[in-house]
Amino acid sequence: MIAFVKDLGTDNSLYVKVNILKKEIELLEETNIKPAKYIYGFPVIKSLFRYYVFPSTNLNHLKDALKVNLEIDLPLNLEEFEYSFVYRKLKDNKLEVFCVLAKKDDLKDFAKNSIVDSEIFALVRLVREKKLSTCEIIHFSKNYSYLLKIENGFPKEVRVLRNEDIKKVLTNKNLFVSGNIPDEFKSLIDEDKILSNPLLDLRDNILYGLILRFFDDFGIDLLHNENKNIFESYLKGAFYLFLSLLIVSLSLLGILYFKKKQLQIVKSKEKEIFIKYFDNSGKVYDPLLQAEGLVSSLKITNVFSKDAVDILNQIGRAKNLSNIKELYKIHIDTKGFFIEGKAKSIQDVEKFKNILSINFNTNIEETIKTPDNEVRFTIRGFLR
């Protein structure tokens, strides 16, 4: 089978001939044969990521629970985004979920037979092929770099790195480096810490990881094309089953209508349960770590986007200076900002607020003592 793979982060691409049964790969410089499959690696810089652990292994409720949590966590219009996810069951009867989101406007020009995977899963597949179970990877792409944390072959965190953060991260244990490594960092990296692949330059690790999707399907499809044929099969099966039942007895129509009404009532109640049950069950990474993705999603002006970056930077500095434990929600608009977080003490919250007050009119709206002797707080700030 001939396929076309492309790393959207660097625009590097190639044609490849794949024998799935023999697990053989042949790189092609060019071909006159139309590819049977197109696979793209969607860039981290245009993505948002969420990681959750749900206290249930019931897969029937997973999509609904995930959607409710995304609507709560993200200060965005979820209708403007596509999202896809991977999951696995944990030993303690919990469900681990990693979700990737991308704007629909960035996905509208792909062909129907395309798969749009995230570039991070290309690296996960490469790590799995090398029998590396748990590790961290710094990947250098075009104009951006990021840290990917993998635990037992499953992604746990993705964080965009600033240049000043890279040297600190290079000291992490069990760290590997991938991509187009800048000259300034090459002398700091041991050879055995460089993540390479057997066919291509290490700068093309994403391309190789996209090829591996033919042998290891662990990943996502933001276009959901891989699920469409399955959905159509289920839809046809349901239709024929309904038709057969209709032929047996027209009276079943009345029963089906009644059941449909009952189902709507049940789903309405389920939604209330989801909101109550899953409200605070997921782990949300510090919004400051995804500042670039969040700011790029703001549909206001370029000037405001720059102001938002400045606000996020000042919030980040204030967080570090005041030893705030966690910020799990940040909302920014043209009037100011709204922050929810967790601290070890009231004094830390006061210090955080006082630092922000240097540049903003800042008020502590709420502080709540948690059962583990920490303080959950809400702060609102207004632009001067």
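Contact here means heavy atoms within 4.5 Å. By that rule Ile120 touches Val44, Phe49, Phe98, Tyr146, Leu148, Pro155 and Val158, leaving out residues up to four places away in sequence. This is a predicted model, in which local features need pLDDT of at least 70, side-chain atom pairs count only at pLDDT 80 or more, and totals for chains, interfaces and linings use all residues. Residues are numbered from 1 along each chain as its sequence is written, and side-chain values use heavy atoms, with hydrogens and water left out.

A nonpolar core is a set of buried Ala, Val, Leu, Ile, Met, Phe, Trp, Tyr and Cys residues joined through side-chain atoms within 4.5 Å. Buried means under 20% relative accessible area, exposed over 50%, and partly exposed in between (1.4 Å probe, protein chains only). The largest such core has 49 residues. Phe98, Ile120, Phe121, Tyr146, Leu148 and Val158 have the most contacts inside it. Helix H2 (residues 119-129) gives the most to this core, with seven residues. Helices (H or I, at least four residues) and strands (E, at least two) are DSSP runs, numbered from the N terminus. Another core lies apart from the largest one; it has 19 residues, among them Leu312, Phe337, Ile339 and Phe352.

Turn now to the start of the chain. Five of the six residues of strand S1 (residues 2-7) are buried, so S1 is largely enclosed by the rest of the structure. Two strands pair if DSSP finds at least two bridges between them. S1 runs antiparallel to strand S2 (residues 12-19), and six bridges join the two. Val5 stands opposite Leu14 in S2. The two strands form a hairpin with four residues between them. In its turn, Asp11 has a positive phi of about 70 degrees. S1 also pairs with strand S4 (residues 37-42), this time in the parallel sense, over five bridges. There, Ala3 stands opposite Lys37.

Helix H1 (residues 62-73) comes next. Its twelve residues reach 16 Å from first C-alpha to last, close to the 16 Å expected at 1.5 Å a residue. The expected span is 1.5 Å times one less than the number of residues. Leu62, Ala65, Leu66, Val68, Asn69, Leu70 and Asp73 are buried in H1.

Most residues other than glycine have a negative phi. Lys131, not a glycine, has a positive phi of about 65 degrees. Lys131 lies in the loop between H2 and strand S9 (135-140), and it counts as exposed at 73% relative accessibility. Asn143 has a positive phi as well, near 70 degrees. Asn143 sits in the loop between S9 and strand S10 (145-151), and is exposed at 77% relative accessibility.

Last, the rings. Rings of Phe, Tyr and Trp (its six-membered ring) pair if their centres lie within 6.5 Å; planes under 30 degrees apart count as stacked, over 60 as edge-to-face and the rest as tilted. The count comes to 13 aromatic pairs. Phe337 and Phe360 have ring centres 5.0 Å apart and planes at 85 degrees, so this pair is edge-to-face. Both residues are buried. Phe4, Tyr15, Tyr38, Tyr40 and Phe110 form one aromatic cluster.
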